[in-house]
Amino acid sequence: MGSDASSSFRSSSLSDASILPSNTPLLSAFLAFSLAQFLKLFTTWFKEKRWDSRRMLSSGGMPSSHTATVSALAMAIGLQEGAGASTFAIAVVLACVVMYDATGVRLHAGRQAELLNQIVCELPPEHPVSNVRPLRDSLGHTPLQVAAGAGLGFIVAFIMRTP
């Protein structure tokens, strides 16, 4: 009986080690995130005519990598388990919360940071706040950036689907 439990544990441990390569939703989410971050190099160049490698590690910008991640996750789960699965429902709700947050709270927080930075720049040099480091203002996303991220996530999940 003890050997049955240990062999069961070993076989489950071995199968757990191979979960990552076969977990299509997880791989789709990571790939969509990576692609979105990489694409920000090119969208920044197109918009600002300069290369900025820091964009690959920052939030905000086109396309939304957070949206690409959760959209790929939800789509991959839907394709793998069906639209009636509880996991699909959880992933869709998570995706909606992330997209709402990106275009709502985070977008407005970024706009407030931009305005505060402008106010601080106009302060006289002797003001105690005049030397404060500027706030990051690239926090949220426009609806177009979120839509582009969702589209990227859907495409990645569709391409990654298992037959």
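Contact here means heavy atoms within 4.5 Å. Helices are DSSP runs (H or I, at least four residues), numbered from the N terminus.

This is a predicted model, in which local features need pLDDT of at least 70 and side-chain atom pairs count only at pLDDT 80 or more, while totals for chains, interfaces and linings use all residues. Residues are numbered from 1 along each chain as its sequence is written, and side-chain values use heavy atoms, leaving out hydrogens and water.

Begin by colouring the protein chain by pLDDT, the predictor's confidence in each residue, from 0 to 100. Helix α1 (residues 2-17) has the lowest confidence, at a mean of 51, and helix α4 (residues 65-81) the highest, at 96. Where pLDDT is low, the predicted coordinates should not be read in detail.

Next, select helix α7 (residues 143-160), whose 18 residues reach 26 Å from first C-alpha to last. Its buried residues (under 20% relative accessible area, with exposed over 50% and partly exposed in between; 1.4 Å probe, protein chains only) include Val146, Leu152 and Val156. Viewed down the axis of α7, the buried residues fall within an arc of 160 degrees (taken from the directions from the helix axis to the C-beta atoms), so they line one face. Among the elements that cover them are α3, α4 and α5 (86-103). On the face turned away, Pro143, Leu144, Ile155 and Ile159 are exposed.

Finally, select Phe38 and Phe42, four residues apart in helix α3 (residues 24-48). Phe38 is partly exposed, at 38% relative accessible area, and Phe42 is partly exposed at 38%.

Key: Helices (H or I, at least four residues) and strands (E, at least two) are DSSP runs, numbered from the N terminus. The expected span of a helix is 1.5 Å times one less than its number of residues.
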